Amino acid sequence: MNLWVKRTGQLLLAALFLMACEDENSLLGFRNPKKKITTAYIDLSIGEGSVLALSGVTTDNLVNPTRLLIGQYTDPVIGSNRSQAFIEFLPGNTQLLPPNSVYDSIVLYLNLDLYSYGLNGGSNEKFTIHQITEDTLTYFSQNRYYSDSELEYNPISLGEASFFVHADSLAKNLSKPQSLRDTIVAKVRLDDSFGLQLFTLAKENLDEQYTNSFKFRELIKGLALVPSESSGILGFNPNTPNSKIIVYHHTVEGGVIKDFLELRFNFSLRGFSNIKATLTGEWASITTINQGIDPPSGMRWVQAGTPYLTRIDLNNFYTQFADTAQANTQINFAQIIIEGVNKSPGFDPLPAFEFRVMKENDTFYQNSNPTDTEMLRPYRLFAEQNNFVVIGDAGRDAASLIYNSTSNTYSGQLTIFFQNLLNEKGRANRLQHLAIYPASTITGLNPPNFGKVVNRSIFHKNNIKLRIYYSTSLTGNL
């Protein structure tokens with residue numbers, strides 16, 4: 001869809017002109033008794049709408065950051081959240097072990113990437129490791145994997161990882177430059193029967209099941225990482241040198257141990273997080289995808305990972321401003337503000353939002369639908385993942401709401417977008433609903449990928465406001 005930008009230069013010039021001059025003096029130095037321009041502002045409530053669940057978002061490792069999420073926690077406001085991970089691995093090389101090799105043990109290592117959520121203080125985190133049993137050759141031939149994707153696995157575990165982490169320590173470490181951060185690795189000794197299976201493959205290579213990656217994947221389908229005792233969700237990066245599976249072994253010559261050696265297996269990019277929420281209280285009635293609710297409390301909610309969104313309604317913009325505004329009204333500055341964002345220890349709000357266009361029935365307008373595309377053609381939007389996203393005033397990226405932890409608010413400028421709506425107010429089918437959506441397309445902001453975090457933001461619908469500063473010419477022209 002082509003970008004539609006109207007009067008951008010005029011808007012900037014008008015804003016500068018109006019800030020500097022209201023025709024206060026005549027040429028003789030006296031105040032002009034007849035004003036040519038009036039300026040004002042209006043606050044509009046736009047929080048009416050709904051909270052809804054979406055189908056799964058991409059959580060695979062085919063995009064950066066290559067993160068898996070493992071753990072579980074209970075949110076004091078919403079309910080519980082749980083993430084398990086599925087990952088494939090392959091031999092580090094195809095060189096076979098010498099005949100005099102003897103098996104010792106097998107250990108799994110996973111590198112924490114310092115992300116945590118729901119973790120308040122210190123906690124002993126545990127997760128079990130299982131072999132995937134479902135056909136992954138077919139499954140992993142797909143293009144993308146989602147938060148609602150899942151694979152069958154053997155309920156008998158190969159081992160349990162147990163390690164202590166502290167939320168403050170992780171956050172402090174994450175705030176350091178990359179080169180100065182500590183490396184934190186969780187490790188667990190796995191069942192020897194599994195280790196012997198891998199060791200035997202590398203030593204005997206029966207039917208090329210070690211040297212042929214296709215045959216190896218057919219036999220060894222990967223691992224499932226399942227939380228067993230946890231107070232938070234942690235991020236792991238499986239695609240670093242510190243994340244690996246090592247089969248330890250030694251060689252014997254003349255009845256004497258000669259060398260202690262390591263057989264390495266690396267994780268592939270074929271992996272994803274399966275994230276599930278169990279909602280409580282008034283949220284529990286959100287049971288159907290794209291079917292929103294308006295909770296009695298009036299609270300609104302946006303969460304990545306699972307995911308949940310808030311739809312807002314622009315009806316008040318039209319009925320209380322645009323429909324009654326004079327033809328020569330110019331919007332100088334338009335801003336959406338969300339105040340009173342919920343603060344709970346361990347539950348940081350999302351850093352930024354963007355806006356995607358929705359219908360009354362809580363579904364998105366689709367770029368692949370010619371009717372939807374034609375209906376939205378006059379508006380200032382671009383297509384992203386088959387949805388339409390509102391363009392910001394800079395004209396490059398999505399319009400954004402940025403979280404300010406000091407004032408505990410979100411705010412963002414959408415001046416040109418709302419001037420566009422004002423200019424198109426007479427349309428029979430006018431743009432009416434926006435989804436508050438975790439930001440993913442804003443240059444320079446580097447927001448986390450929607451499927452790689454589980455951060456949530458909670459606020460009341462009455463605290464979602466549109467503030468407009470505008471000018472009207474009394475002489476017919478601005």
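Which side chains meet in a salt bridge at 2.6 Å, N to O? I looked this up and found Asp362 and Arg311, where a salt bridge stands for a side-chain nitrogen of Lys or Arg within 4 Å of a carboxyl oxygen of Asp or Glu.

**Entry 1: ground rules**

I noted that this is a predicted model, in which local features need pLDDT of at least 70 and side-chain atom pairs count only at pLDDT 80 or more, while totals for chains, interfaces and linings use all residues. Residues are numbered from 1 along each chain as its sequence is written, and side-chain values use heavy atoms, with hydrogens and water left out.

**Entry 2: the whole chain**

I began with the secondary structure of the protein chain, which comes to eight helices and 23 strands; helices (H or I, at least four residues) and strands (E, at least two) are DSSP runs, numbered from the N terminus. Of the 478 residues of the protein chain, 51% count as buried, and here buried means under 20% relative accessible area, exposed over 50%, and partly exposed in between, with a 1.4 Å probe and protein chains only. I then looked up the contacts (heavy atoms within 4.5 Å), and among those in the protein chain with a separation of 6 or more, residues 24 or more positions apart account for 81%.

**Entry 3: salt bridges**

I returned to my opening pair and saw that Asp362 lies in the loop between β16 (352-358) and α7 (370-376), whereas Arg311 is in strand β14 (residues 308-313), so the pair ties together parts that are 51 residues apart in sequence. Asp362 and Arg311 are both buried.

The structure holds 20 salt bridges, and I looked up another of them, between Glu150 and Lys276, whose closest N and O atoms are 3.2 Å apart. Because Glu150 lies in the loop between α2 (136-139) and β7 (159-166) and Lys276 in strand β12, this pair ties together parts that are 126 residues apart in sequence. Glu150 is partly exposed, with a relative accessible area of 35%, and Lys276 also counts as partly exposed, at 43% relative accessibility.

I also noted a salt bridge between Arg189 and Asp192, with the closest N and O atoms 3.3 Å apart, and Asp192 is partly exposed at a relative accessible area of 30%. Finally, I found Glu48, Asp294, Arg300 and Lys461 linked in a network of salt bridges. My reminder for this entry is that side chains of opposite charge can pair when their charged atoms come close.

**Entry 4: aromatic rings**

How many aromatic pairs does a search of the whole structure find? The search finds 30, where rings of Phe, Tyr and Trp (its six-membered ring) pair if their centres lie within 6.5 Å, and planes under 30 degrees apart count as stacked, over 60 as edge-to-face and the rest as tilted. For Trp283 and Trp301, the ring centres are 5.1 Å apart and the planes are at 65 degrees, so the pair is edge-to-face. Trp283 lies in the loop between β12 (256-279) and β13 (299-303), and Trp301 in strand β13, so the pair ties together parts that are 18 residues apart in sequence. Trp283 counts as buried at 2% relative accessibility, and Trp301 counts as buried at 0%.

Phe417 and Phe418 form another edge-to-face pair, 5.2 Å centre to centre with 80 degrees between the planes. I also recorded one aromatic cluster, formed by Phe89, Phe194, Tyr210, Phe216, Phe265 and Phe267.

Is helix α8 (residues 415-423) largely enclosed or exposed? Eight of its nine residues are buried, so α8 is largely enclosed by the rest of the structure; the buried residues include Phe417, Phe418 and Leu422.

Ala325 has its place in the loop between α6 (315-320) and β15, and is buried, with a relative accessible area of 17%. Not counting residues up to four places away in sequence, Ala325 touches Leu422 and Lys425.

**Entry 5: Gln335**

Leaving aside residues up to four places away in sequence, Gln335 touches Ser411, Gly412, Gln413, Lys465, Leu466 and Arg467.
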